[in-house]
Amino acid sequence: MPDHKHNQNQKQNQGPGGVQRSGWAAQAGAFLAVAFIAAGTCGALQPASGIPPEVVQLTQLGPALAVAAVALLWPARTKDLLAGALPARGSRPAGRAPRTAATGRSALLPHLPLLLTPALIIALSAGGILLTSGTLPVPAPRALAHPLALLVAAQLLGACAEEIGWRCYLQPLLRTRFGPVTASVLVGTLWGLWHVPVLAREPAYAAGFLTATVAMSVILGLALERVRHNRLLLAGGFHTLVNLGMLFVTDETSPAAAPMVVLGAACLAAALPWLAAARRAATAPDKITATTAPGTR
């Protein structure tokens with residue numbers, strides 16, 4: 001009997017994925033403290049590094065360094081939280097056919113809505129900017145100061161350095177305490193506030209930026225809710241596509257508030273279908289329960 005009670009209490013103290021609920025606040029606090037401090041330090045070192053900010057911003061390393069720090073303090077729990085970040089490991093089961101291009105495409109199909117959402121965000125942003133300003137600042141590839149391949153690779157690296165912290169560590173950690181939407185909103189708010197220089201701009205710009213980070217966090221949180229592998233590449237790919245769209249279409253370097261407000265509205269509009277789908281999934285009757293209910297045949 002004591003063992004049964006112990007196992008029952010242990011299960012009650014576990015969140016989704018079997019991660020322990022207790023201690024989440026201390027872990028989240030330590031992660032955020034290191035993420036903010038490390039980002040500020042890396043940002044201060046950017047000029048001395050000689051790396052152009054338009055290629056990659058060293059502040060993006062902050063969340064990755066924070067994950068490394070909490071891994072030293074809570075190694076087992078950090079390992080559990082990061083379990084779905086990378087591809088599944090292990091040998092192929094006996095009798096299973098080797099992986100082919102066709103199976104790779106079929107594995108990608110469930111994630112197409114997530115990877116296509118950045119295109120929707122950028123298209124809505126471009127349309128909004130055209131309506132409000134009448135022009136669209138799209139630079140020609142030849143006018144770029146750096147090779148396009150370098151920009152894409154650097155943006156992906158920087159995005160993954162952020163996402164291993166926000167979506168692969170903090171989101172699963174907060175999911176042990178909160179529901180998917182609440183956890184996503186909290187992560188998106190903290191993600192936005194982590195961009196400290198943005199908050200120093202005019203209120204409309206900061207509000208548009210925070211709206212964008214919260215909306216994108218909701219999209220990512222809901223899309224990755226049941227994904228057990230490759231979370232880092234999916235989140236990093238989404239983040240990279242949005243960043244490239246902002247770089248080439250919405251001119252993120254501009255201090256004007258209007259483009260950022262438009263981006264925030266576009267992200268919010270793109271998040272609404274994800275919220276609607278999550279609500280339908282939550283209210284849909286369980287198929288097994290429905291078929292076995294009294295009166296069903």
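1. R167 is buried, with a relative accessible area of 0%; buried here means under 20%, exposed over 50%, and partly exposed in between, using a 1.4 Å probe and protein chains only. The residue lies in helix α7. Helices are DSSP runs of H or I of at least four residues, strands are runs of E of at least two, and both are numbered from the N terminus. R167 touches P172, V187, W191, S217, L220, L224, R231 and A235, leaving aside residues up to four places away in sequence. Contact means heavy atoms within 4.5 Å.

2. This is a predicted model, in which local features need pLDDT of at least 70, side-chain atom pairs count only at pLDDT 80 or more, and totals for chains, interfaces and linings use all residues. Residues are numbered from 1 along each chain as its sequence is written, and side-chain values use heavy atoms, with hydrogens and water left out.

3. Which residue does R167 meet in a salt bridge? The partner is E163, at 2.7 Å, N to O. A salt bridge is a side-chain nitrogen of Lys or Arg within 4 Å of a carboxyl oxygen of Asp or Glu. E163 and R167 are about one helical turn apart, because they sit four residues from each other in helix α7 (residues 148-175). E163 also counts as buried, at 0% relative accessibility. The two side chains make a polar contact as well (2.7 Å). That term covers a pair of N or O atoms within 3.5 Å; within protein, one must be able to donate a hydrogen and the other to accept it, and residues adjacent in sequence count only if both atoms are side-chain atoms.

4. The structure holds two salt bridges. One of them joins the side chains of E225 and R175 (2.6 Å, N to O). This pair links distant parts of the chain: R175 is in helix α7, E225 is in the loop between α10 (203-223) and α11 (231-250), and 50 residues separate them. Both E225 and R175 are buried.

5. Helix α11 also holds T240. T240 counts as buried, at 5% relative accessibility. Beyond four places in sequence, T240 touches V152, Q155, L156 and A159.

6. I122 is placed in helix α6 (residues 112-133). I122 is buried, with a relative accessible area of 11%. Its contacts beyond four places in sequence are V242, G245, M246 and V249. The C-alpha atoms of I122 and V242 are separated by 7.2 Å, although the residues are 120 apart along the chain.

7. F36 lies in helix α2 and counts as partly exposed, at 31% relative accessibility.

8. On confidence: pLDDT is the predictor's confidence in each residue, from 0 to 100. The chain has a mean pLDDT of 83, and 77% of its residues reach 70 or more. Among the elements, helix α3 (residues 62-73) has the highest mean pLDDT (98), and helix α13 (residues 287-292) the lowest (45). Over residues 287-293 the pLDDT is below 50, and this stretch has two contacts beyond near neighbours in sequence. Where pLDDT is low, the predicted coordinates should not be read in detail.
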